[in-house]
Amino acid sequence: MSSGGCCAEVYSCVFDYNTPRIALIKSRKVGLLNRVIQLAILAYVIGWVFVWEKGYQDFDTVVSSVTLKVKGVAATDTEDLGFRIWDVADYIIPAQEENAFFVMTNLILTPNQTQGKCAELPDSSTICISNSSCTPGYVGTHSNGVQTGLCVPYNESVKTCEVKAWCPVENDTTVPMPAFLGAAENFTVLIKNNIWYPKFNFTKRNILSNISAEYLKTCVYDPAKHPFCPIFRLGSIVEEAGESFKDMAVLGGVMGIQISWNCDLDKKHKYCVPKYSFRRLDNRELDHNVSPGYNFRSAKYYKDSNNVESRTLMKIYGIRFDILVFGTAGKFDIIPTMINIGSGVALLGVATVLCDIIVFHFFKKRYYYREKKYKHVEDYEELGNNGSHGSIP
């Protein structure tokens, strides 16, 4: 090819402009199909993208802080402790947690333990007949101490290996029923939740502006009557999750208090309010209920009159309440609006493409057999474009 021909090709490629061919198809079926596809795309763009998903807004996720205050008093009268009053300092362990609080509901108490030697708690690995069954220095996975190698009486009928430990050892084989602090279901917790949407510099808290100090002293959360009261009865929280507080209090568990902040900041800010929901987080399998509940051990140390270090060991069962805050806020922004409008306009072109595909595949044979003298559809279309057939009927 000559240099002049190459230059002409390049010139034509750069400066010439070609328009696509347009064929008029006089068919009600094709026209109706085209309009149906266009309407479906418009319904998707307007209904789903803009109305449901709010495609005209920019979004931000919530930043949150939570503080808690539990109130309530319970009374117990047992053989080990006698009559005793339990207040917040006794049953909230530890005093402060991050976005959570723990309430003691049941207790196994082992008072007046001292360092010494005593019989181990009986089980399959500690019951013995003679000293040969015990290994000096052995510490099992569930041992309370270090074996001395001696087999000693645990009670009148059973012998176990002697251990160096805090004596007497804890006996946790039987859990108190009903729960030791079953009255905890009437305790209340005040949840103070502050949120911030940094992108919009929007802040709010769950104690709304219309809540007065007098109202706060008397209200208790109720989903129908007091949906915005930030004071919750513990028993009601568990019941809202479909659980029984009395059953859960025996072995303990974990509850979730969910606070949802989904806000449309194009509306008045008073409509941005929290929604509370509750669920049990340590869901148990009825057919595989191994190691259920929630418990831990704690001890209070002191010295007796003989200056001997002693302690009271407590195996504490209870309910841990986790506060889960989540949400998004949206506000009008021109950038996502224009992006979604442009995407919607581009999608309208899909209607034409789909119709072209359908016409080509479903009408190809029809026109081929009608016009026997044209061996190929391309020939038929070419003649139509040249004037022999101005439109396809």
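The torsion about the S-S bond of Cys-128 and Cys-151 is about 95°, so this disulfide is right-handed. Cys-128 sits in the loop between strand 5 and strand 6 (146–153), while Cys-151 belongs to strand 6, so the bond ties together parts that are 23 residues apart in sequence. Both ends are tucked away: Cys-128 is buried, and Cys-151 is too. Keep in mind that this is a predicted model.

Now for a link with the other handedness. For Cys-118 and Cys-167, the torsion about the S-S bond is about -80°, so that disulfide is left-handed. The pair links distant parts of the chain, with Cys-118 in strand 5 (residues 100–119) and Cys-167 in strand 7 (residues 159–167), 49 residues apart. Cys-118 has 15% relative accessibility, so it counts as buried. Cys-167 comes in at 10%, so it counts as buried as well.

Then there's the link of Cys-263 and Cys-272, which is right-handed, with 55° about the S-S bond. Cys-263 is buried, and Cys-272 is buried too.

Here are the sulfur distances for these pairs:

| Disulfide | S to S distance |
|---|---|
| Cys-118 and Cys-167 | 2.1 Å |
| Cys-128 and Cys-151 | 1.9 Å |
| Cys-263 and Cys-272 | 1.9 Å |

How many disulfides does a search of the whole structure find? It turns up five. If you number the bonded cysteines of the protein in sequence order, they pair as 1-6, 2-4, 3-5, 7-8, 9-10.

How values were computed:
Residues numbered from 1 in each chain as written. Predicted model: local features only at pLDDT ≥ 70, side-chain atom pairs only at ≥ 80, totals over all residues. Heavy atoms only, no water. Disulfide = S-S within 2.5 Å. Helix = DSSP H or I, 4+ residues; strand = E, 2+ residues; numbered from the N terminus. Buried < 20%, exposed > 50% of the residue type's maximum accessible area, 1.4 Å probe, protein only.
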